[in-house]
Amino acid sequence: MKSDVSAEEVFRQLADSLALNDSPDFFLNLSQRLTELLGVDHALIAEVFPDLAQARTLAVWSHGRAIENFTYDLAGSPCETVIGTSACVYPAGVCTRFPEDELLQKMGVEGYFGFPMTARDGRALGLIALMSDQPLVLPGVAEEVLRIAAAQTGAELGRRRAEESLQESERRLHTLMNHLPGMAYRCRNDADWTMEFVSQGARELTGYPPEALIESKLIAFAQLVHPADRARVDAEVQACVTAGKPYRVIYRLINAQGDVRWMWEQGQGVLSPDRGEVLLEGFISDITEQHESERVQEAVVQTAMAITSRLGADFFQQLVLHLTRALDADIGFVATLQGQDQMETLARVVAGQPVENVQYHLKGSHCAEVLSEGESVGCFEPPIPIPHPGGGEPLVARSYVGRRLDSAKGEPIGTLMVIYSHSAPDLNLATSVLRILAAGAAGELERQTNDRRIYQLAYVDGTTTLPNRIHFMERLGSALLHAEQAGESLGLVFLDLKRFKEINDVLGHDTGDQLLAAVARRLEQVCRVDEFLARLSGDEFALLVPNLGVDGLPAVIDRCHQSLARPVYAAGREFSLDVNIGAACYPVDAMTAADLFQCASVAMHEAKRSGGNACIFDVSIAEALNRRRALAERFARALVEDRLSLHYQPQVDLVTGALVGAEVLCRWKDDHWGWVNPAEFIPLAEERGLINDLGQWVLRSASRQWVVWQKRGLLFPGRLSVNISALQFTDLALADEIRGLAAPVPPEAIGLELTESGFMRDPELAVEITERLRQAGFGLSIDDFGTGYSSLSYLRRFAADTLKIDMSFVSDMLDNQSDYTIVTTIVAMAHSLGMMTVAEGVETQAQAEALTRLGCDRAQGFLYDRPLDSQRFTERWLMQAE
């Protein structure tokens, strides 16, 4: 299986292949698809003949082309081990294990996986074999794929064999009838009669033996012979007629072993021109004397029609219709077992009319007895009134006859029942017909169960039971086509759970899955009948809203938010959740399904990035996203190609005005975009997982610059302060890493700055890392202090020596009493903890003087200088060492 193909896509493609069972190339198409889905070199589908120890291929697909079918011996081949067993796997060395298998040797096969096809009675029908030129490595879904494919392929093989047998039966019966002496064959001389006459129904109801039964449940006459061939019989009969003598003709039905199974004699009379027809009528009459003639003949007809009903969506409806007619029953139904105590009808007929299906509890119903006993006949005490579909007087259910439906493994899966308004049906007839039809009904029920299983695997999300991504994309395409043809709009809403990953990581995937299922139920509750909800992947959901314009999107978004306004309960816990929502609309935002999907995805991304909970698509959003994508790609190349640069902003002593250090700032000038704001490319580096690489580049480059200044005899007082991303601040080995990157700069000349919010992601880890950094000799500053939510107890434990006052407080401290109070408090608190303070964003002399009065130690900002490249910083701030 290709690595980029999901399990859902595998089963969808398998379902597409199995849906083509009417195609003459069904087996070949399936074998080709299996090689593609499961990543093997060869696929073989074959029918087997155990008595002959041979197999005949129905299709062979090898290295991308079809191979002509052939017959081969099972002995000495791995296929022999598959017959009558479960899956048989030889991952490697299959040629060595089966040296006598010429086919394997010729193909040079290394790995082999075989799966049997069996009939309902356990007889071997055939097999599917997958082979690989290399050691066989199959995806996890391989056995499930082969199991379903084998079941469906076996059913199709049985169906085709049945058709062939039926055609042969009809041909032979016509030949026999036409060779009966003097036979006019005017009694129902058409194909329908042939079908009815040779059906299993005719055999069972007339007492014919089971030896002549074939796979399709139709009877084939083994032999129908006369005492002499037609020429001799004709001559003898003519002689008797001419002489006016009596005669006798004996008809026998003989099975394949030569045993006479039925005989009828006619004679002692003069043959008249219509005597042959009388003989046939006598033949029928004799067969049916044990039963009520006309009724049984009609039962045979209806039973045969039920058996030969074409498989499909209405199979059970047709079967129950014919069943009730055959048995003159008032009510009939097929029901399937749902779980342990639920039944659901697949088809119901009342008074000759199909009616809606129902669900009911198994406990206390007569179906429970049928499932337990296999077959049951009984009465309703008291009788039960059943509504008449025509609205007349209700039918009164008095008695029933039921038959259990079993799977191929012999497990109960449903019931087939008829109900009478009178209490004395012909039980022999009823039980015989039910027995005839039960096997076919069970087989079709199991086939449809397999179909539903394929559908579930291909189109339904197993965690939430919502439609999955594949199903949603197909529905989106059809919905948009309908909207286009009807001149309507179409809304698409994406939903993404906030902080779901944290829940999954902390509480485990089982809890996460239960939470997703609970969220799905909440969202379903606010969806309208014509809306289509699906789970796309992870914690992402999508909602299709037909005939909805842009103006209607806010109301849908509000509905979705309100659905999670109350806590959600899952896995014994209570969760308070919210969602990010992105929405788009056809035809305002996009004209194709793919573009509409993309627009909603863009809006979702913007909602998550901005933290605004919801976003409706706008062209400007797409333009901004395209710019971000382009910037991210160009930044990644610039980092690899060393096309970034460093700028240095001086830090000064507030009392003396002397240089006491500098903050190192990364700058990027793109060939196309020009100077790009760090507020753009730093978050992009974090999103793309490049922030560690960027941090390492900054440290190495700043260290190299420090060495250059030293070699030139320039004095750089204090520290080079380098920003550390919160994503970098998760490694206990950070101190060793920085020591290696900054060598040969002494640790005391390096200052590390981390934002307050970065510390508080994992305070305990931060405490340990800062202590290691302090022991290594590095200085540590808490940047943007006052903007986060750090605890004073943790602040005391951090091994930081400096607090940097955020510029947002400094800029307004002279005009805003609250900001002034905050700055005053930060300075006082830092001093009480033995820490220095650095004010950022100082732009006026009045601010500097106010900070000095409050006791702030240092400052940086435009009042002193802007960030400068290394050359200008050197020229303006550094002096030769004395």
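Tutor: Let's start at Thr 802, which stands opposite Met 836 in β33. Helices (H or I, at least four residues) and strands (E, at least two) are DSSP runs, numbered from the N terminus. The model is predicted, so local features need pLDDT of at least 70 and side-chain atom pairs pLDDT 80 or more, while totals for chains, interfaces and linings use all residues. Residues are numbered from 1 along each chain as its sequence is written, and side-chain values use heavy atoms, with hydrogens and water left out.

Thr 802 belongs to strand β32, which covers residues 802-805. On one side of β32 point Thr 802 and Lys 804, and on the other Leu 803 and Ile 805.

Now look at the neighbours of β32. With β33 (residues 836-839), β32 pairs in the parallel sense over four bridges; two strands pair if DSSP finds at least two bridges between them. Strand β31 (residues 779-785) also runs parallel to β32, and three bridges join them. Ile 782, for instance, has Leu 803 of β32 as its bridge partner.

As a general point, side chains of opposite charge can pair when their charged atoms come close.

How many salt bridges does the structure hold? The count is 23. In one of them, Asp 461 joins Arg 535, with the closest N and O atoms 3.0 Å apart. Asp 461 sits in the loop between α14 (427-459) and α15 (469-486) and Arg 535 in strand β19 (residues 532-537), so this pair ties together parts that are 74 residues apart in sequence. Both Asp 461 and Arg 535 are buried.

Another salt bridge brings together the side chains of Glu 680 and Arg 627, 2.8 Å from N to O. Because Glu 680 lies in helix α21 (residues 678-687) and Arg 627 in helix α20 (residues 619-640), the pair ties together parts 53 residues apart in sequence. Glu 680 counts as partly exposed, at 25% relative accessibility, and Arg 627 is partly exposed at 26%.

Helix α20 also holds Arg 634, whose side chain meets that of Asp 670 in a salt bridge of 3.0 Å, N to O. Asp 670 is in strand β26 (residues 659-670), so the link joins distant parts of the chain, 36 residues apart. Arg 634 is partly exposed, with a relative accessible area of 23%, whereas Asp 670 is buried at 4%.

For contrast, consider Asp 330, which is found in the loop between α12 (315-327) and β11 (331-338). Asp 330 is buried yet has no salt bridge. The nearest side chain of opposite charge, Arg 398, is 8.2 Å away; here Lys and Arg count as positive and Asp and Glu as negative, while His and the chain ends are not counted. Leaving aside neighbours within four places in sequence, Asp 330 is in contact with residues including Val 349, Leu 395 and Tyr 420, contact meaning heavy atoms within 4.5 Å.

Strand β11, at the end of that loop, is mostly covered, with six of its eight residues buried. Ala 335 has Thr 345 as its bridge partner in β12 and stands opposite Thr 415 in β17.

Finally, step back to the whole chain: its secondary structure comes to 30 helices and 36 strands, and buried residues make up 48% of its 882 residues.

Technical notes: Buried means under 20% relative accessible area, exposed over 50%, partly exposed in between (1.4 Å probe, protein chains only). A salt bridge is a side-chain nitrogen of Lys or Arg within 4 Å of a carboxyl oxygen of Asp or Glu.
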